[in-house]
Amino acid sequence: MAPQHLEEPQDVDFGSSVTIEATVGVDVTLACRYDAKYYGPLPSCWGRGSVPTRGCMNEVINSDGTSVTSRMSERYLLMGDMTQGDVSLTVRKVQHSDSGTYGCRVHVPGLFNDLKYELTLVVVPAPPKPIRVAMREVRERTIALHWTAAFDGGSPITGYDIEYKSKYAAWDTAVSTRGLSPMLTQATLVDMHPFTNYNIRMFARNSVGLSEASNTLSVTTKEAVPSGPPLDLQLEALTPHSIKATWRPPRLDLRNGVISSYSISYRGVDVATRQYQRWHRLVVTATGERETAHLDNLRPSTKYSVVIQAKNNAGIGPATLTELCSTLEEEHTTSTAETKAVDTQTVWYKSSTGSPLVVPDPPILELVEVKDGAVSIRWTSGFDGGSPITSYDLEYKAKKASWDSTKRVGDFSGNWTETTIIEMHASTYNIRLFARNRVGVSVASNELTVTTGEAGQGDFSLKTLSPLHTVSSDTQAVSLNYILSTYRTRLMPGLSTE
């Protein structure tokens, strides 16, 4: 740090006294100069206090006119050109304790000829120096920070402020969190938006004021499962055996990442007789802001139910509302062989009373939040198959394990659609869900992959509050407590279960 020259050396008025103010932590130069061309090199000294009759009181440094002969501390320096008469005192990184009177004495030969100069140094606190902030962890909706405290300016730190904004916005639009405890060295920003670029900076406070801004972090949160369905689904029958589906991606703020593909689920529906085919699924690659897919090999003169879900790197999102579309009538008579071929690919379900009953549609599972060891999930039920959903079964496993080695647990009430999982041991694991009615069990939902803490630690066991039983697996995973949060029910629109 360059010395703070608080007095012009050329204008020293020996015998006078001035008061100089400096802030804590800076280098201060106290000026003292004599005419070396007239006197030649002369010995000098600096002391703390008024200049006495002889020598320097509480001497801090002494010179013979050409070099320093003694000093109290390495903080005291004569940095001027002594051969030119510059014996100004530099005090490094001044503190409150450096406040007081300083005296300069230049020894001139003869009685009572010495040159004497006194000044008073007042050291005051300053705002803190900027801190250094770094990124500790980034997730979908949280950013964990840590920082290192810098010099407090001579007055204790009273708090920290954090500001963050969109990368492309101005700082005057930033969200601020003020007055964090001075004891903290780390914090986590929550409720961030997935797959978003943020700029983050911090400030330190003391009794004097606010530091300058820290370094600026540029952080992009991770992708999360889309939280909105595709939009504007439209269906158009092209032939007796094909339907064209068109749609737009989810709302931009609900995509939570880059949409990579879409999952299309469709099946035949006879509303009059309440008969339903099994679901068929088609995955198409995302191409842009308007998507198109063709559903082929359909039955003629048949209504089809279609739902679409968007997928990004984090998983699959919620489904569109169910839309119905009928294929065109067959223009030519279908041969017996062709009819049989179609029928063998179609499975219809009917109860003994004539009402159709099928297994439920798979639920759509969504990760809501991972925070402080708790994992919140929710799911959306599909069509109940004509028979009320009686329960949901949950399966779990270690990420690298096979689903074949897992056991089904849960038997959660059919009204449950949300729950919070309390993780007991850090791990990475997969979760999937099944819906059950009196006909049977649905196919598996989409899978969730969840990591909390350091992956791969702990035993793979699970405990539930209701019903009370424990299921263990030989594969590696975590212990979980399931706690009911809230519940709600939802039917697939367009398919009544009355």
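Student: By class, how many nonpolar, polar and charged residues has the lining of the second largest pocket?

Tutor: The model is predicted, so local features need pLDDT of at least 70 and side-chain atom pairs count only at pLDDT 80 or more, while totals for chains, interfaces and linings use all residues. Residues are numbered from 1 along each chain as its sequence is written, and side-chain values use heavy atoms, with hydrogens and water left out. A pocket is an open set of points on a 1 Å grid over the protein atoms alone, where a 1.4 Å probe fits, with protein on both sides within 12 Å along at least five of seven lines; lining residues have an atom within 4 Å of a point. Ala, Val, Leu, Ile, Met, Phe, Trp, Tyr, Cys and Pro count as nonpolar, Asp, Glu, Lys and Arg as charged, and the others, Gly among them, as polar. Here the lining of the second largest pocket has twelve nonpolar, ten polar and four charged residues.

Student: Which elements give two or more residues to the lining of the second largest pocket?

Tutor: Strands are DSSP runs (E, at least two residues), as are helices (H or I, at least four), numbered from the N terminus. The elements in this case are β20 (261-270), β22 (280-285), β24 (303-312) and β25 (315-319), and β20 supplies the largest share, four residues. Of the 26 lining residues, Ser263, Ser265, Arg281, Gln309 and Ile316 lie nearest the centre of this pocket.

Student: What volume has the largest pocket?

Tutor: A volume is the space filled by probe spheres set on the grid points, which are joined across faces, edges and corners. For the largest pocket this is about 540 Å³; for the second largest pocket, about 370 Å³. The largest pocket is lined by 21 residues, and Arg139, Glu140, Leu367, Val370 and Thr449 are the closest to its centre. β27 gives the most to this lining, with five residues. By class, the lining has nine nonpolar, three polar and nine charged residues.

Student: Is Arg139 buried or exposed?

Tutor: Buried means under 20% relative accessible area, exposed over 50%, and partly exposed in between (1.4 Å probe, protein chains only). Arg139 counts as buried because its relative accessibility is 18%. Arg139 lies in the loop between β11 (132-138) and β12 (143-148). The side chain of Arg139 makes a polar contact with that of Glu137 (3.3 Å). A polar contact is a pair of N or O atoms within 3.5 Å; within protein, one must be able to donate a hydrogen and the other to accept it, and residues adjacent in sequence count only if both atoms are side-chain atoms.

Student: Where is Thr83 found?

Tutor: Thr83 is in the loop between β7 (76-78) and β8 (89-91). With a relative accessible area of 44%, Thr83 is partly exposed. The side chain of Thr83 makes a polar contact with the side chain of Asp81 (2.5 Å).

Student: Which residues have the most contacts inside the largest nonpolar core?

Tutor: In soluble globular proteins, nonpolar side chains tend to be buried together. A nonpolar core is a set of buried Ala, Val, Leu, Ile, Met, Phe, Trp, Tyr and Cys residues joined through side-chain atoms within 4.5 Å. The largest core has 29 residues, and those with the most contacts inside it are Leu30, Trp46, Leu89, Val106 and Leu121. β10 (115-124) gives the most to this core, with five residues.
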